[in-house]
Structure formats: structure tokens, C-alpha cells
Amino acid sequence: MIYRTPDSKNFDILLVEDTLEDMDLYVRSLKKKENLNFNIEKATTIKQAIEISEKQKFDCYVVDYHLPDGDGIKFIHHLIDNKNHHKDSAIVMVTGQGDEETAVEALKVGADDYLTKKAISDGIFVQPLLAAIDRARLKSQIAHYQEELERSNNELADFAHTASHDLKSPLRRIKSYCDILEEDSRERLNTEDKQILFRIDTNINRMQSLIEQLLTFSLINNQKEEKEDIDINQLLLEITNDFEPQIKEACGQINCNNMPCVYGYKTRLIQLFSNLISNALKYKNPGINALIQVGVEDTQTHYRFFIKDNGLGISKDNLDKIFTDFKRLHAHEDIEGSGLGLSICKKIVEKHNGKLWVESTQGEGSTFHFTIIK
Ligand code: ADP
């Protein structure tokens with residue numbers, strides 16, 4: 001991995017070293033490279049290094065561990081704490097032979113690499129320095145892109161939230177006007193007119209539920225909610241009570257294993273279980289009573305929940321597609337839905353640092369699995 005910026009023949013280097021012979025060795029090694037130009041500043045103490053680094057930004061800081069006014073780690077801390085100024089600069093720690101612990105400590109604190117004095121006197125200096133500069137720049141670019149991505153994701157979520165929120169009231173008004181029209185003109189409307197009004201009403205309801213889903217979707221990462229201990233037995237009891245009419249309609253049965261307590265976001269987990277149970281009931285096999293099993297496997301690191309149904313199942317080709325936003329495999333006319341339910345589930349599981357996936361055989365049923373980190 002070699003990454004170069006256009007002006008990368010010139011490098012500003014700050015050497016922080018109190019032993020004159022070593023300082024000479026570094027300078028000689030750098031000057032040997034004919035096609036590269038190193039502008040070198042020198043400091044012999046941490047105090048001096050801090051003063052110089054506050055006035056000028058360097059491509060690389062080469063920091064000796066043993067300095068008269070403390071250890072080099074102190075200076076690395078100072079550079080890392082001033083991240084905005086130094087975030088694309090490389091830091092290379094110089095240690096004595098056998099000082100691995102110091103090297104590890106330096107890397108933990110934020111150094112990009114370390115070199116032993118022995119390696120430097122053997123001529124291994126400039127190449128690792130250039131590689132550290134490349135790495136630091138690349139790291140800084142990745143961090144920049146990540147920040148940009150986060151910002152634009154937040155903007156998008158805000159936009160979806162505002163848009164869906166603002167769409168609610170005109171839609172509510174359209175619905176009221178339709179109701180008024182139907183009531184006032186009932187006598188005058190013919191069958192075809194009534195059918196048109198009925199279709200308008202169906203579509204308004206569909207749009208209302210889509211807007212609700214969009215709002216839920218946009219709120220998952222944006223709404224402030226504290227994690228808490230949640231008894232999944234209790235949570236499932238409440239959910240199955242809420243689903244009583246749908247269970248009856250599907251001649252269904254929901255069986256639950258003994259469930260654990262998890263540390264998570266309560267409203268989100270209610271949404272997650274509700275969406276998966278609702279789908280298990282919705283996509284039932286016609287003519288067969290819906291049998292749903294909710295279970296859990298306890299591993300050392302996480303709980304692996306599953307929701308198993310004996311419903312329509314999903315073809316192999318469609319297994320990945322169903323987690324895509326707005327992707328539906330069924331027409332509205334057959335089974336109502338927005339195509340956002342599983343996208344919401346996926347987001348919720350990811351918010352709990354888990355994974356969501358499905359196993360299914362068409363015509364026989366599906367099992368949705370998800371993990372929640374302990
Ligand atoms: P919706 O149910 O609103 O369409 P979802 O995102 O919840 O949206 O589901 C996406 C698609 O995945 C559904 O349209 C359906 O075709 C399929 N699906 C989801 N759950 C099941 C299930 N338990 N059995 C069979 N198909 C399912």
C-alpha cells in the first residue's frame with residue numbers, strides 16, 4: 001500500500017532527540033535520499049518540541065523515548081490531544097534495543113510506528129518513515145470520509161423525518177375531505193363513484209402506514225433512548241396480547257422458550273419482535289394453522305434469537321433482497337405492507353451490535369435469526 005500526495009517529494013520532519021550522535025545519524029540518513037527533500041527541525045527536549053510543534057505542522061515527528069524532561073510518550077500525548085492540528089501527521093517512536101513494552105505503549109497512545117536505534121544505525125530509517133507518513137495520511141483521509149458519511153447519513157435521516165412528519169397533516173386533511181364528500185353526497189353517488197372513493201381511502205391508509213414506517217425508520221438512530229435491562233419473557237407476553245386478533249385470524253399459536261433478560265433499547269426491541277411476529281402471521285400458508293416458535297440460544301458472547309414459522313417461505317433468490325428498503329415480494333392487493341419492516345429490524349439489530357439473517361424453504365416456512373451482544 002503506497003499512497004502519495006502530489007507534493008510528496010518534500011517532507012517537514014521534527015526530530016526530537018537529545019543524543020547528538022543519534023541526531024547526526026538521523027540527519028545523515030535523511031540527507032542521503034537524493035530525490036527527496038527533508039526539511040528538518042530539531043528539538044532536544046519535550047518542552048522545545050512542544051514549542052516548535054505549536055508554531056509549525058510537520059509531516060512526521062520522530063520521537064526518542066528517553067528525553068531530559070520526561071519520556072517521549074508525553075510528547076506523543078500532546079500531539080494526539082491536539083488532533084486537529086496534527087491529525088494527518090505521522091509519529092514514529094524511537095526506542096532502545098529490547099524496549100518492546102515502550103514500543104507497544106507508544107502504538108497504543110497513537111504512534112504510527114516505532115524503530116529501534118539499532119535498526120536506524122543499520123540503515124533502516126527513511127523507508128519506514130515514508131510508510132508511516134503514508135499511513136497517517138490515509139488514516140486521516142478515511143476518518144474524514146467517515147465523518148462526511150456520518151454527517152450526510154444524519155442529514156438524510158433528518159430529511160426523511162421532517163418530510164414524513166410534514167406529509168402527515170395534508171394527508172389527514174385529504175382523508176377528512178373524502179369522508180365529508182362521502183357523507184354529504186352519499187345519495188348522489190353512483191356505484192362507480194363509491195368505488196373510486198373506496199380506492200382513495202385504501203390508498204390514503206396505505207400512505208399513512210408508509211409514513212409511520214418511514215418515521216420509525218428515521219428515528220432508529222436519531223432518537224435519544226437509554227439502554228436498560230429488559231425481560232424478554234415480559235416483552236413477548238405484551239406483544240402476543242397485542243397480536244391477539246391477528247393470531248385468531250391466522251388460527252395461530254405462538255410458543256416461546258424461556259427467554260433471557262437483555263440490556264438494550266426497549267421500544268426498539270418491541271418493534272423488532274413485533275415486526276418479525278407480524279410477518280410470521282401475515283405470510284402464513286393458506287389452509288394451515290400458523291405455528292410460530294420464538295426461541296433463543298445462549299452463547300458466551302451473545303444471545304441468538306430465532307422466530308420460526310410454517311408460512312409461505314421465501315425462494316433462495318429472494319433471501320437477500322427482502323432486507324432491502326421498500327422491497328416487497330407480495331403485491332399490496334394480496335398482503336398489505338410497506339417493504340420497510342425488515343429494514344427497520346436490520347437497523348435495530350445493528351444498533352445492538354448484532355446481525356439479522358434468514359433461513360427459509362419456499363412453501364415450508366422461514367426462520368429469522370438475530371443476535372444481541374451480551
Ligand atoms: P412488508 O411486510 O411490509 O412487505 P418487510 O420488510 O417486513 O415488509 O418484508 C419484506 C418482504 O419479505 C415481504 O414483502 C415478504 O415478501 C417477505 N417476508 C418477510 N417476512 C416473511 C416471512 N415470515 N415469511 C415469508 N416471507 C416473508
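Phe306 has His369 as its bridge partner in β14. This pairing belongs to a predicted model, in which local features need pLDDT of at least 70 and side-chain atom pairs count only at pLDDT 80 or more, while totals for chains, interfaces and linings use all residues. Residues are numbered from 1 along each chain as its sequence is written.

Staying with that part of the chain, β12 (residues 302-308) and β14 (residues 365-373) run antiparallel and are joined by seven bridges; strands count as paired if DSSP finds at least two bridges between them. The elements themselves are DSSP runs numbered from the N terminus, with helices being H or I over at least four residues and strands being E over at least two. On another strand, Gly295 stands opposite Phe306. Six bridges hold β11 and β12 in an antiparallel pairing, and a hairpin of three residues links β11 to β12. β11 (residues 291-298) also pairs with β9 (residues 253-256), this time in parallel and over four bridges, with Ile254 standing opposite Ile292.

Put together, these strands belong to an open sheet of five, ordered β9-β11-β12-β14-β13, with mixed pairing. The edges are β9 and β13 (356-361), each of which pairs on one side only. Neighbouring strands here are turned by 15° against each other on average, direction ignored. For such angles, axes are lines fitted to C-alpha atoms (for helices, over the stretch in contact), and values run from 0 to 180 degrees between N-to-C directions. Helix α11 lies across β9, β11, β12 and β14, and runs at about 25° to β12. Contact here asks that the C-beta atoms of two residues, placed from the backbone, lie within 7 Å.

Helix α11 turns up again at the ligand. Which elements give two or more residues to the shell around the ligand? The ligand is surrounded by 22 residues, the closest being Asn279, Leu329, Gly337, Gly341 and Leu342, and the elements giving two or more are α11 (266-282) and α12 (341-351). By class, the shell has eight nonpolar, eleven polar and three charged residues. Ala, Val, Leu, Ile, Met, Phe, Trp, Tyr, Cys and Pro count as nonpolar, Asp, Glu, Lys and Arg as charged, and the others, Gly among them, as polar.

There is another open sheet of five strands, in the order β2-β1-β3-β6-β7, and its pairing is parallel. Its edge strands are β2 (37-43) and β7 (113-116), each pairing on one side only. Strand β1 (residues 10-16) runs parallel to β3 (residues 60-64) and is joined to β3 by four bridges, with Leu14 opposite Tyr61. Helix α7 (residues 126-184) packs on the sheet, touching β1, β3, β6 and β7, and its direction makes about 140° with that of β6. Helix α5 (residues 100-109) lies across β6 (90-95) and β7, at about 165° to β6.

Stepping back to the whole chain, an automatic or database domain assignment supplies the domain bounds: domain 1 covers 10-124, domain 2 covers 153-219 and domain 3 covers 228-373. The centres of domain 2 and domain 3, taken over C-alpha atoms, are separated by 27 Å. Seven residues of domain 2 are in contact with six of domain 3, and the domain 2 side of that contact consists of three nonpolar, three polar and one charged residue.

The chain holds twelve helices and 14 strands. Its radius of gyration is 32 Å, well over the 21 Å that the globule rule gives for 374 residues, so the chain is more spread out than a compact globule. That radius is taken over C-alpha atoms, and the rule is 2.2 Å times the number of residues to the power 0.38. Along the principal axes, the C-alpha atoms fill a box of roughly 100 × 50 × 35 Å.

Key: Near = placed C-beta within 6 Å.
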